[in-house]
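Dear colleague,

Please find below the structure that I am handing over to you. My notes on what was found in it follow directly after.

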Amino acid sequence: PVDTQAMFKQGFLNDVYNERPVKPVFTRFPPEPNGFLHIGHAKAIAINFGFAKYHGGNCYLRFDDTNPEAEEEIYFTAIEDTVRWLGFTPYKITYSSDNFQKLYDLAEKLIGLDKAYVCHCNDDEIKLQRGGEKGASPRFRCKHAEQSVEENLQKFRDMRDGKYKPREAFLRMKQDITDGNPQMWDLAAYRVLDKPHHRTGSDWKIYPTYDFTHCLCDSFEGITHSLCTTEFVLSRVSYEWLNKTLGVYEPMQREYGRLSMTGTVLSKRKLKELVDRKIVRGWDDPRLYTLIAVRRRGVPPGAILEFVNELGVTTSNSIIQIVRFEQTIRRYLERTVPRLMLVLDPVPVVIEDADEFDGSEITVPFSKNAAMGDHKIKFTKTVYIDRSDFREVDSKDYFRLAPGKTVGLLQAPFPIKATSFTKDEATGKVTEIRAAFDRETKKPKTFIQWVGTDGSRKCEVRVYNSLFKSENPAAAEGGWLSDINPDSEVVYPDALIESGFDEVKRRAPWPEAAGESELGKGGPESVRFQAMRVAYFALDKDSTDDKIILNRIVSLKEDKEK
Ligand code: ATP
Ligand code: MG
Ligand code: MG
């Protein structure tokens, strides 16, 4: 089992709690429903839900849906799904848009306090007011800041009533332009948007900004610790200013470092381009690092939590290589999934003297962990081995099958020695190997995997490599798209899997091994196993009852990467 509590016991998150040691704790995970969550968000989810859980409190899933220009239905569903898949249960699912009226009323209140005004300046004018290029000139307020409370109130109501077009007017907070922090330079609170909202339809023509909405929604929900990423450090001052000025309950904002991954892209624009250009199979393509992709690939949610936990939480950003993530996944799978035999590129071996064993049953353990039990497979006179485990010409430093050379077959009665082989002259490929049992050799140097002709099934195997050639695609010569690795997906259409697969599927996700029965249930991706000597695999969602499609989750060892 994963100790997902470790990061709350000491360090940054412990300090945050001790600054405000209240019970019950309330936190929130506040995604904007404008895209699919990525690996970085897993950190935010683990921190917010985990912090609340550790302190016996609760975490809201709040959709920060204040920008109808970017938000779509599918994202709401996908985000909630992902949170639950990671093993967390939202205390309540809320929407910033549910508070539109309340927020509006508070905006009027702010105007009444002479702490907000309706401004008609354009971007250039605002830039100049804020000190111009590089802040070189003195900051000043525009004439609109001089308007009376009554005038501001009237204009704000006019904004609400659709009397202004987008950009003709916006509500600005009257903060403190002498403050060194740009977040105090009369930020926008409301803007006019001529877009229907996904939840409130055409009720509103004005929408509140992040700076106005976030701190107030935190306040409405009684958030005790509002945890966000460090790019909001400067926003802490405006966050506190607004709640204090309005005299509402004041949550405490603290900031932790973002999680970024190198060797991939996470920005929505770039992901969209990969999808649109059909470079990948979709937003959940297993080569991507959206959480729907990582899930489809077969990465267990517990491994993601373990990863976030291992990195720890501080105020600095974590910039992580994919191989580091894969190490954690590998370690997690090593102890939680059953083992099977799979042959990627099969070539038949006829064992001439195996008649007495043809169709005999062998009992095979599912794992080194005896608790996972065992299953029966059938040995057959003809077995399939991987093409890469045979050489036409033997050599001294080679320890697998070759004419005159002996190799072990995992779990089989005896090792085999190749006697001859046939080749397709047109393709140059070996089509059949003839062999005999080697009853003398007790301990062959190598044991290879095989599948029999009885009960094994054909499957398509998709082996993924890095989608990009470099660690920093953005810096690639010719742009990030020219950094695409042409071998990022290698398909084996005629792979063979042993009969034990059916039981692996039936018992997935093997909670007795994972020790987290609630995690990772359900989808095809929770059918995971180690293909001995090959890699870790999971069932792909494109599979049907007739067609098995497998995704490589990770290789068995790091050096096989890329
Ligand atoms: P992106 O632009 O990458 O989608 P975002 O900040 O726009 O990120 P939001 O939907 O606003 O995404 O994020 C919801 C929460 O997740 C926020 O609290 C945000 O701080 C946090 N978050 C986003 N990206 C990361 C990351 N890379 N590491 C840690 N937390 C993150
Ligand atoms: Mg986002
Ligand atoms: Mg954001």
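A residue is called buried when its relative accessible area is under 20%, exposed when that area is over 50%, and partly exposed in between. Please also bear in mind that this is a predicted model.

Strand 16 (residues 374-378) shows how cover can differ along one strand. His375 and Ile377 make up its covered face, whereas Asp374, Lys376 and Lys378 lie on the uncovered one. Strand 16 is joined by five bridges to strand 15 (residues 361-365), and the two are antiparallel. Within this pairing, Lys376 has Thr363 standing opposite.

As to the chain overall, it has 562 residues, of which 54% count as buried. It contains 15 helices and 27 strands. Along the principal axes, its C-alpha atoms fill a box of roughly 100 × 50 × 40 Å. The accessible surface is about 24500 Å², with 49% of this belonging to carbon and sulfur atoms. Of the contacts between residues at least 6 apart in sequence, 71% join residues at least 24 apart.

Strand 4 and strand 5 (residues 170-173) run antiparallel and are joined by four bridges. Tyr117 has Arg172 of strand 5 opposite.

I turn now to the aromatic residues. The count comes to 31 aromatic pairs. In one of them, the ring centres of Phe36 and Trp283 are 5.5 Å apart and the planes stand at 50 degrees, so this pair counts as tilted. Its members are 247 residues apart: Phe36 belongs to the loop between strand 1 (26-29) and helix 3 (39-54), and Trp283 to the loop between helix 10 (268-276) and helix 11 (291-297). Phe36 has a relative accessible area of 16% and is therefore buried.

A further pair, Phe100 with Tyr207, is edge-to-face, with 5.7 Å from centre to centre and 75 degrees between the planes. Because Phe100 lies in helix 5 (residues 100-112) and Tyr207 in strand 7, the pair ties together parts that are 107 residues apart in sequence. Which of the terms, buried or exposed, applies to Phe100? Phe100 counts as buried, because its relative accessible area is 3%. Tyr207, at 0% relative accessibility, is likewise buried. Both residues belong to one aromatic cluster, together with Tyr104, Phe156, Tyr190, Trp204 and Phe212.

Finally, two charged side chains are placed over aromatic rings. The charged end of Lys102 sits over the ring of Phe220, at 4.3 Å from the ring centre. Arg199 has its charged end over the ring of Tyr95, 3.4 Å from the centre of that ring.

With kind regards

Key:
Residues are numbered from 1 along each chain as its sequence is written. Chains are lettered from A and ligands numbered from 1 in the order in which they are written. This is a predicted model: local features need pLDDT of at least 70, side-chain atom pairs count only at pLDDT 80 or more; totals for chains, interfaces and linings use all residues. Side-chain values use heavy atoms; hydrogens and water are left out. Two strands pair if DSSP finds at least two bridges between them. Buried means under 20% relative accessible area, exposed over 50%, partly exposed in between (1.4 Å probe, protein chains only). Rings of Phe, Tyr and Trp (its six-membered ring) pair if their centres lie within 6.5 Å; planes under 30 degrees apart count as stacked, over 60 as edge-to-face and the rest as tilted. A charge sits over a ring if NZ of Lys or CZ of Arg is within 6 Å of the ring centre and within 35 degrees of the ring normal. Contact means heavy atoms within 4.5 Å. Accessible areas come from the Shrake-Rupley method with a 1.4 Å probe; for residues, only the protein chains shown count as cover.
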